[in-house]
Structures are given as C-alpha cells and as structure tokens.
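Biologist: I have the sequence and the structure open side by side. Can you walk me through what holds it together?

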Amino acid sequence: MTTPANTTPTVAELEAQEARLTLPHFTYDDAWALGTLLVELARARSAPVAIDIRRGAQQLFHCALPGSTADNDAWIDRKRRVVERYGAASLLVGARCRAKGTTFEESSRLDPDRYAAHGGSFPIAVEGAGVIGTVTVSGLPQVEDHALVVEALEQLRG
C-alpha cells in the first residue's frame, strides 16, 4: 500500500516498508547507485536536500544539492542517530511514540540536540545480517524526506 507523500504513514505501513525493503546485499557500488538515484530524483523535483549514506561508522556517500544548508547536515546526524540506536526508520520511531500517546522527546529522554525522530532516515537492512547502515535525506518536510528515501530504495531493490 502506498501512502501519499503528504500523509504520515501508519506504524503498520512503516513496518511493512522496512520489511519489504530489506536488501539482498549492500556494497560500495550499491551505496553509489542509491546515492546517485536519490540525487537524480531530488534534482528532477528541484528538492533542496542533503543526502547521506553510511555503512556502520563509514560515510559512503554524501551530497548537498542547491538550496540545502549546513542545518540539513545537522538534521541528518540527529535523524541517523535515531536509526542507529533503535534499528528502525526515524519516522517509524516517532510514529510509535505518538501511537502510545507520547512524544519521542518525552519517552526517550535523549538529548534533542543529538536525536530527532523525524522522517528522513531509514535503516539499510541486509538479508541475513540485519541493519548494517543508514540512508538519510534532509531538506523537505519530514514525510517527504522519508518518502524520497523509500522511493529510491524501492527502485534499487527492483
């Protein structure tokens, strides 16, 4: 089921996306393919985004498109830390909190200057290995950041 880009997906929809977008492998070439695909999609929409792809602690791809700022890099770091800590998409972590009648900030008690459960960071999960990295976009409204990442992963997955 596809959710319109301006509508926040449900927890179940977000969990289904993660399950569906587990990859058979993720190499340096895959990181390049995913990154360049995100750049192409963003440029086609004149989206002022920054894009970051990591495997573990290693940054494999980074690009800042026209209109993005250093603030987008700070948002990337905050959203990425949520995925690294919880092993789930940043939008999903926030949605789970809201579904329980609370906020991420209240329930996690983590420093909001270092962690943000806002959409745009997605776990890179590999079959048989689990979460091995992250792909993050920042510069659009959070649901649109998330949707852009999901669209690119769907195309990469084939």
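**Charges, strands and core**

Modeller: The structure holds eight salt bridges. Bear in mind that this is a predicted model.

Biologist: Which residue pairs with Arg-45 in a salt bridge?

Modeller: Glu-151 does, and the closest N and O atoms are 2.7 Å apart. Arg-45 sits in the loop between helix H2 (28-44) and strand E1 (50-55), while Glu-151 is in helix H6 (residues 142-157), so the pair ties together parts that are 106 residues apart in sequence.

Biologist: How accessible is Arg-45? And Glu-151?

Modeller: Arg-45 has 45% relative accessibility and counts as partly exposed. Glu-151 has 25% and is also classed as partly exposed.

Biologist: What does Asp-52 form a salt bridge with?

Modeller: Its partner is Arg-54, with the closest N and O atoms 2.9 Å apart. Asp-52 is buried at 1% relative accessibility. Arg-54 is buried too, with a relative accessible area of 15%.

Biologist: And Arg-157, which side chain does that one meet?

Modeller: Arg-157 meets Glu-127 in a salt bridge, 3.4 Å from N to O. Arg-157 belongs to helix H6 and Glu-127 to the loop between E3 and E4, so this pair ties together parts that are 30 residues apart in sequence. At 35% relative accessibility Arg-157 counts as partly exposed, and Glu-127, at 44%, is put in the partly exposed class as well.

Biologist: Arg-81 next. Where does it lie, and is it buried or exposed?

Modeller: Arg-81 lies in helix H3 (residues 70-86). Arg-81 is buried, yet has no salt bridge.

Biologist: What is the nearest side chain of opposite charge to Arg-81?

Modeller: That is Asp-77, at 4.6 Å. Leaving aside neighbours within four places in sequence, Arg-81 is in contact with Arg-114 and Tyr-115.

Biologist: Changing topic: how many residues of strand E3 are buried?

Modeller: Six of the six residues of E3 (residues 121-126) are buried, so the strand is largely enclosed by the rest of the structure.

Biologist: Which residues point which way from E3?

Modeller: Ser-121, Pro-123 and Ala-125 point one way, and Phe-122, Ile-124 and Val-126 the other. In a regular strand the side chains alternate between the two faces of the sheet.

Biologist: How many bridges join E3 to E4?

Modeller: Six, and E3 runs antiparallel to E4 (residues 130-138). Within that pairing, Pro-123 stands opposite Thr-134 of E4. The hairpin has three residues between the strands, and Gly-128 takes a positive phi near 80 degrees there.

Biologist: Now the core. Which residues touch the most other members of the largest nonpolar core?

Modeller: Phe-26 and Val-135, in a core of 41 residues. Two or more residues come from each of H2, E1, strand E2 (58-64), helix H4 (90-99), E3, E4 and H6. H2 gives the most, with seven residues.

Biologist: What is Phe-26 in contact with, beyond its neighbours within four places in sequence?

Modeller: Its contacts are Ala-31, Leu-34, Ile-53, Arg-55, Leu-60, Ile-124, Val-126 and Ile-132.

Biologist: How far does H2 reach?

Modeller: From its first C-alpha to its last, H2 reaches 24 Å over 17 residues, close to the 24 Å expected at 1.5 Å a residue.

Biologist: Last one: Leu-156. What does it touch?

Modeller: Not counting residues up to four places away in sequence, Leu-156 touches Leu-23, Asp-30, Ala-33, Leu-34 and Leu-37. Leu-156 is in helix H6 and is partly exposed, with a relative accessible area of 27%.

Biologist: And how far is Leu-156 from Ser-68?

Modeller: Their C-alpha atoms are separated by 24 Å, and the two residues are 88 apart along the chain.

How values were computed: Residues are numbered from 1 along each chain as its sequence is written. This is a predicted model: local features need pLDDT of at least 70, side-chain atom pairs count only at pLDDT 80 or more; totals for chains, interfaces and linings use all residues. Side-chain values use heavy atoms; hydrogens and water are left out. Helices (H or I, at least four residues) and strands (E, at least two) are DSSP runs, numbered from the N terminus. Buried means under 20% relative accessible area, exposed over 50%, partly exposed in between (1.4 Å probe, protein chains only). Lys and Arg count as positive and Asp and Glu as negative; His and the chain ends are not counted. A salt bridge is a side-chain nitrogen of Lys or Arg within 4 Å of a carboxyl oxygen of Asp or Glu. Contact means heavy atoms within 4.5 Å. Two strands pair if DSSP finds at least two bridges between them. A nonpolar core is a set of buried Ala, Val, Leu, Ile, Met, Phe, Trp, Tyr and Cys residues joined through side-chain atoms within 4.5 Å. The expected span of a helix is 1.5 Å times one less than its number of residues.
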